[in-house]
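Subject: Structure for you, plus some notes

Hi,

Here is the structure I promised to send over. Have a look at it first, and then read on for what I found.

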Amino acid sequence: MRQRLPVGGGIPLIFLLWGLVGLPAVGGWQEIVHAASRLVDLTYSFDETTLVWPRNPPFHRDGSQRGGTADEAWYTTGQVALSEHAGTHMDAPIHFAQGQVGIDGIPVEQLMGPAVVIDVRASVSKERDYRLSLTDLHRWEAQYGVIPNGAVVLMFTGWGAHWQHREQYFGSTTPDVPTTLHFPGFSEEAARFLVTERHIAGIGIDTPSIDYGPSQDFVVHRIVNGAGLYGLENVARLDELPSYGATLIALPMKITGGSGAPVRILGILPE
Ligand SMILES: [Zn+2]
C-alpha cells in the first residue's frame, strides 16, 4: 500500500510556508537583514568597563570553559550580574512612576518606531549642562515635519565621545557623587511637550540620563515614565543615524517587573 506523504510531500517545509504566508515584497525584512550596511548597532558592549550610574554595582561576568583539545569537546558558559541601569539600557515606566508597567509590560509595538534624531551638539559644545529645549523641537519640526506618531525621540549630544572616560562622561572628578554630575539632557518643557502634544513611543539619549547631570528631582524621568513611556540611556553611535528617516528597534531583556533592562538597539537606515 502506498504510504501517504507527510505534509509538503517532499517539498521542503520552508517553501510550503512561503507559499502559504507569502513573502514580503522587495524592500521588506529580507532586504533589511541582508543589506547589513543599513543596520546600525546603537548598543555598547557589556563588560567590566561598562559605565553604571553612581553607586550602582559594576557589571560582572564569571566565565568558565573547557575542552578545545583533540579528545575533549569545546564548551564555554558564564553568569552575569548587572544593575538594570547599566550601560545601554531602557528605563521602564515604573522606574519613576508608581503603578506604571515594568519592563516586561511595555507593549512590543512600542519597542520600534521612527527615529527622530535631534542634533544639539553645537549647543552642548558651549554648555555641558545644556537641556534640549522646545525651540530645538520646533526647529526640527520646521525642517522635517511634525514628529510622527510612535516616534522614538533621540537627543544627540555627541557625548558618546566620552564613553571610555568615566570622569568625562559623568562630567565630574567625583563621578560616584551624584550631586556633582554635569552632562546634557532633556528639559522639563520639552518632555512635557512630547508626552502631551505628540504621540511618541519613548525618548533616548547618548548620555547617562535623560535628565541633565545636575538634576536632583529627575523631572524628565517623572514626566516620561508617568506617561507610560520609556527612556533609553547610554545610546551608542547616534552620529550614524540621519536626523529623520531611520527606524529604531529597541528590545530590552524581559525581566518581570524590572525597573529597566539592558537593551539591544538597532537603527535601520532609510534606502
Ligand atoms: Zn536608567
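This is a predicted model: local features need pLDDT of at least 70, side-chain atom pairs count only at pLDDT 80 or more; totals for chains, interfaces and linings use all residues.

The average pLDDT is 90, and 86% of the residues score at least 70. Residues 1–24 are the stretch to treat separately: pLDDT is below 50 there, and beyond near neighbours in sequence that stretch makes seven contacts in the model.

As for the fold, I count seven helices and twelve strands. If you take the contacts between residues at least 6 apart in sequence, 74% of them join residues at least 24 apart.

In general, two packed helices are described by the angle between their axes and the distance between the axes. For α6 (residues 188–197) and α7 (residues 219–226), the axes come within 9 Å and cross at roughly 5°. Angles under 35 degrees count as roughly parallel, so that is how α6 and α7 run relative to each other. On the α6 side the contact involves E188, A191, R192 and V195, and these meet V219, V220, I223 and V224 of α7. By type, the residues of this contact divide into six nonpolar, two charged and no polar.

α7 has other neighbours too. Its buried residues are V220, H221, I223, V224 and N225. Besides α6, they pack against the strands β4 (89–91), β8 (185–186), β9 (202–205) and β10.

- R55 has a phi near 75°. It sits in the loop between β1 (39–41) and β2 (60–66). With 9 other C-beta atoms within 10 Å, R55 is exposed.
- R237 has a phi of about 55°. Its place is the loop between β10 (230–233) and β11 (247–252). R237 has 16 other C-beta atoms within 10 Å, so it counts as partly exposed.

That's what I have for now.

Cheers

Methods:
Residues are numbered from 1 along each chain as its sequence is written. Axes are lines fitted to C-alpha atoms, for helices over the stretch in contact, and angles run from 0 to 180 degrees between N-to-C directions. Helices (H or I, at least four residues) and strands (E, at least two) are DSSP runs, numbered from the N terminus. Angles under 35 degrees count as roughly parallel, over 145 as roughly antiparallel, 65 to 115 as roughly perpendicular and the rest as oblique. Two residues are in contact if their C-beta atoms, placed from the backbone, lie within 7 Å. Ala, Val, Leu, Ile, Met, Phe, Trp, Tyr, Cys and Pro count as nonpolar, Asp, Glu, Lys and Arg as charged, and the others, Gly among them, as polar. A residue is buried if 20 or more other C-beta atoms lie within 10 Å of its own, exposed if 12 or fewer, and partly exposed in between; C-beta atoms are placed from the backbone. pLDDT is the predictor's confidence in each residue, from 0 to 100.
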